[in-house]
Amino acid sequence: TYPPASHLQPPMSSSSSPATQRRRLHPAAYLSAVAALLALVAAAFSRALGPRFPSPPAARRCRPDPEGSWSAGVFLGDSPFALKPIEHWGASADAGAGAAWPVANPAVTCADVAEAGHPSSFVASPFLFLQGDDIYMFFETKNPVTSQGDIAAAVSRDAGATWQQLGVVLDEEWHLSYPYVFSYNGKVYMMPESSKNGDLRLYRALDFPLKWALEKVLVEKPLVDSVIINFSGSYWLIGSDLSSYGAKRNGELSIWYSSSPLAPWNPHRRNTIRSMDNGPSFRNGGRPFVYDGDLYRIGKQSGGVSGHSIKVFRVEILTANEYKETEVPFVFDKPRKGRNAWNGARSHHLDVQWLPSSQLWIGVMDGDRVPSGGSVHRLTIGYMFYGVTLLLVLLLGGFIGAIRCTIPLRWCVPHTEKRDDLLHGRQQIFLKYKLSSLFSGLNKLGSLLGGRINYRTWKGRVYALLVTLILTFLTCLGTHCIFGGNGAEEPYPIKGRYSQFTLLTMTYDARLWNLKMFVDHYSKCASVREIVVVWNKGRPPVQNELKSAVPVRVRVEDKNTLNNRFNIDEKIKTRAVMELDDDIMMPCDDLERGFKVWREHPDRIVGYYPRLAEGTPPEYRSERYARQQGGYNMILTGAAFMDHGLAFERYWSKKAEVGRKMVDSFFNCEDVLLNFLFANASSTSTVEYVKPAWTIDMSKFSGVAISRNTQAHYHVRSKCLAKFSELYGNLTAKRLFSSRGDGWDV
């Protein structure tokens with residue numbers, strides 16, 4: 001027996017009285033207010049997440065891609081198993097390259113391709129082709145407009161130090177990648193992956209390297225990552241066949257053989273030679289190479305958190321009937337800078353060749369700073385936060401009585417029309433009866449929860465405020481995940497070239513805790529090559545006390561003097577030195593921006609703390625005063641870039657001897673002296689200011705600051721100014737703020 005339909009009508013609730021309706025907030029008004037508040041917070045947070053200053057050129061020209069932010073780097077070594085990045089070898093670019101000494105990886109990025117007039121979201125799978133002293137690099141570039149890969153090229157005429165972009169050289173209606181280039185009978189051929197077209201094609205260069213024409217279809221199978229090698233009197237085609245049923249993306253490695261790259265290809269007797277069923281299988285990850293008479297195949301392992309990794313196999317047997325390979329150790333120093341390193345997360349391709357001009361092996365490797373699926377993961381997490389926020393908004397509205405969600409029970413009233421199938425009708429009525437019971441229970445629960453928080457009382461307002469803060473926090477997290485980027489603080493290239501600098505700090509034993517944080521933080525900055533610690537007093541730290549992603553060298557001094565900051569050091573491997581006090585903390589992006597400005601003005605002191613010296617006799621003035629006057633003529637070297645060869649030689653010249661004695665006498669003014677020495681050697685501006693996004697003076701928390709009495713400190717420096725003016729002349733004319741044009745000196 002089922003209750004009559006009249007029993008299913010929603011009962012009249014006492015909460016629906018006119019008085020209650022007047023007290024209840026209008027749901028639309030409540031939702032609009034909350035939504036507006038969260039939107040404003042999210043917008044403000046998104047604005048704060050974005051770069052406070054103009055973003056790197058690479059970030060402006062490269063469009064994000066779900067597959068990653070791949071780029072290519074150059075490596076050199078005495079053997080294919082001892083490759084080091086090009087910055088390790090101290091290769092430098094010409095003077096017009098923006099003081100790129102040493103040149104650093106990545107060598108080719110999507111920004112370089114975009115500058116050549118071709119939209120690009122990443123570059124990957126690079127292959128080299130040597131022609132005399134010219135080194136050509138062919139690589140996949142993904143076009144964000146067509147969402148497919150094209151083949152682009154670049155050339156280097158200085159052993160891989162710098163690269164000139166040649167643009168896209170092969171574009172088809174389908175996706176292209178893995179541009180394997182080789183020569184045969186005096187002609188140059190390219191065999192790119194074209195599995196999306198269902199075959200493997202061979203192209204011949206008509207006008208190398210810019211123009212190519214289809215020579216023939218080699219195999220009518222969707223092979224991926226294929227290579228052709230000449231070994232033991234035969235040509236061997238090795239690739240991964242994805243046409244077989246159930247073929248896995250990681251493998252199904254197969255071999256074909258022939259007497260010529262242009263002749264018909266015969267399948268290997270044991271195809272598929274490597275598959276997921278007979279052991280781990282690794283697709284080709286580059287060109288096979290011969291070293292000490294042995295043939296090696298490069299493979300790539302896909303999957304996992306790290307995404308991809310490179311494997312090397314020594315081929316033991318390669319005949320028409322047999323194939324055997326064994327994995328050999330391939331040790332590669334993976335960067336420890338995480339997302340700040342261009343290849344900090346993964347690599348999946350390597351091509352190595354012997355470079356006769358340098359008597360070294362040269363290799364090109366691709367790399368990505370974010371793990372596989374990083375962008376999709378960020379989007380998923382971001383929208384999850386938004387979903388939780390929306391749910392909490394509804395719950396908050398219910399708790400304070402602003403939202404009353406009631407499910408109409410008439411939705412569950414059974415239909416009264418005549419039915420032919422009585423059993424079916426009874427089942428339908430029973431289902432609707434159960435639904436009505438469920439809806440009634442939900443309505444009762446809503447009535448119980450509704451108005452549980454009286455926002456008119458102080459306690460209710462505290463609850464509402466706490467929930468609102470949680471909502472705001474979740475909204476900011478979601479906004480950060482979706483719009484905040486990959487979290488990397490990337491370097492700023494000049495003319496497509498990157499470089500590195502040495503970070504130098506001076507300290508002593510009482511500030512060891514500062515030093516530990518200093519090293520841990522700044523060693524992860526992308527362009528930092530090495531950290532040099534000038535140790536003035538006390539027991540120096542041992543290596544395992546300092547956690548660092550780059551080499552740390554502690555230089556113990558015999559005398560506790562501020563002059564040690566500028567001691568000539570032949571072991572410094574970079575032209576640029578960043579002098580930075582160990583108690584100053586700032587983002588890596590601030591260092592990268594300052595380094596870019598210095599590369600544009602390598603003859604100047606580029607720093608973050610401007611000062612003004614003016615008057616007769618000159619007085620030492622603060623940054624605040626300098627801003628009121630509209631300009632500055634000094635930069636504190638406690639946070640400044642300089643050419644260490646130029647600066648340190650000037651500081652230890654005979655001319656500066658009296659000034660150094662004053663520094664020892666006052667235990668102060670070493671940075672003032674260096675500013676005078678630069679000004680004395682030039683008639684133009686010798687200082688450049690870069691505004692940091694934020695800085696923290698850690699000495700405020702330690703009690704070991706050198707100059708805690710600001711007034712006394714400024715008085716001493718004014719004495720130094722007066723004396724240095726007599727010895728070395730006046731400082732250069734006042735340099736105006738916001739005069740450089742890059743928006744970083746406001």
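Select Glu-619 and Arg-621: their side chains meet in a salt bridge, 4.0 Å from N to O. A salt bridge here is a side-chain nitrogen of Lys or Arg within 4 Å of a carboxyl oxygen of Asp or Glu. Glu-619 is partly exposed at 41% relative accessible area, and Arg-621 is partly exposed at 27%. The terms work like this: buried is under 20% relative accessible area, exposed is over 50%, and partly exposed is in between, with a 1.4 Å probe and protein chains only.

Before moving on, note that this is a predicted model, in which local features need pLDDT of at least 70, side-chain atom pairs count only at pLDDT 80 or more, and totals for chains, interfaces and linings use all residues. Residues are numbered from 1 along each chain as its sequence is written, and side-chain values use heavy atoms, with hydrogens and water left out.

**Charges over rings**

The charged end of Arg-621 sits over the Tyr-625 ring, 4.3 Å from its centre. The rule asks for NZ of Lys or CZ of Arg within 6 Å of the ring centre and within 35 degrees of the ring normal. Next, select Arg-627 and Phe-737. Here the charged end of Arg-627 sits over the Phe-737 ring, 4.5 Å from its centre.

The salt-bridge count comes to 41. Go to Arg-283 and Asp-225, which form a salt bridge with closest N and O atoms 2.6 Å apart. Arg-283 lies in strand 16 and Asp-225 in strand 12, so the pair ties together parts 58 residues apart in sequence. Strands (E, at least two residues) and helices (H or I, at least four) are DSSP runs, numbered from the N terminus. Both Arg-283 and Asp-225 are buried; the relative accessible area of Asp-225 is 3%. Check the backbone of Asp-225 too: its phi is near 50°, a positive value in a residue other than glycine.

Now pick Glu-327 and Lys-311. Their salt bridge has its closest N and O atoms 3.7 Å apart. Glu-327 is in strand 20 (residues 323-328) and Lys-311 in strand 19 (residues 308-318), 16 residues apart. Glu-327 is partly exposed at 46%, and Lys-311 is partly exposed at 21%.

For a network, select Glu-530, Arg-553, Arg-555, Glu-557 and Asp-569, which salt bridges link together.

Two strands pair if DSSP finds at least two bridges between them. Strands 14 and 15 run antiparallel and are joined by 2 bridges. Trp-256 stands opposite Pro-267 in strand 15.

**Aromatic pairs**

The count of aromatic pairs comes to 37. Rings of Phe, Tyr and Trp (its six-membered ring) pair if their centres lie within 6.5 Å; planes under 30 degrees apart are stacked, over 60 edge-to-face, and the rest tilted. Select Trp-236 and Tyr-257: the ring centres are 5.9 Å apart and the planes at 50°, so the pair is tilted. Trp-236 is in strand 13 (residues 234-241) and Tyr-257 in strand 14 (residues 253-258), so the pair ties together parts 21 residues apart in sequence. Trp-236 is buried at 4%, whereas Tyr-257 is partly exposed at 24%.

Next come Phe-566 and Tyr-651. Their ring centres are 4.7 Å apart and their planes at 50°, so this pair is tilted. Phe-566 sits in the loop between strand 26 (552-556) and strand 27 (576-580), and Tyr-651 in helix 11 (residues 644-651), 85 residues apart. Both Phe-566 and Tyr-651 are buried.

For a cluster, select Phe-81, Phe-289, Tyr-291, Tyr-296, Phe-330, Trp-354 and Trp-361, which ring pairs link.

**The cores**

A nonpolar core is a set of buried Ala, Val, Leu, Ile, Met, Phe, Trp, Tyr and Cys residues joined through side-chain atoms within 4.5 Å. The largest has 78 residues; Phe-501, Leu-503 and Ile-531 are among those that touch the most other members. Its largest share, 7 residues, comes from helix 13 (residues 670-680). A second, separate core of 28 residues includes Leu-223, Ile-228, Leu-237 and Ile-273.

**Last stop: cis peptides**

Select Phe-208 and Pro-209: the peptide bond between them is cis, with omega near 0°. Pro-209 is in the loop between strand 10 (200-207) and strand 11 (211-219). The bond from Asn-271 to Thr-272 is also cis, with omega near 0°.
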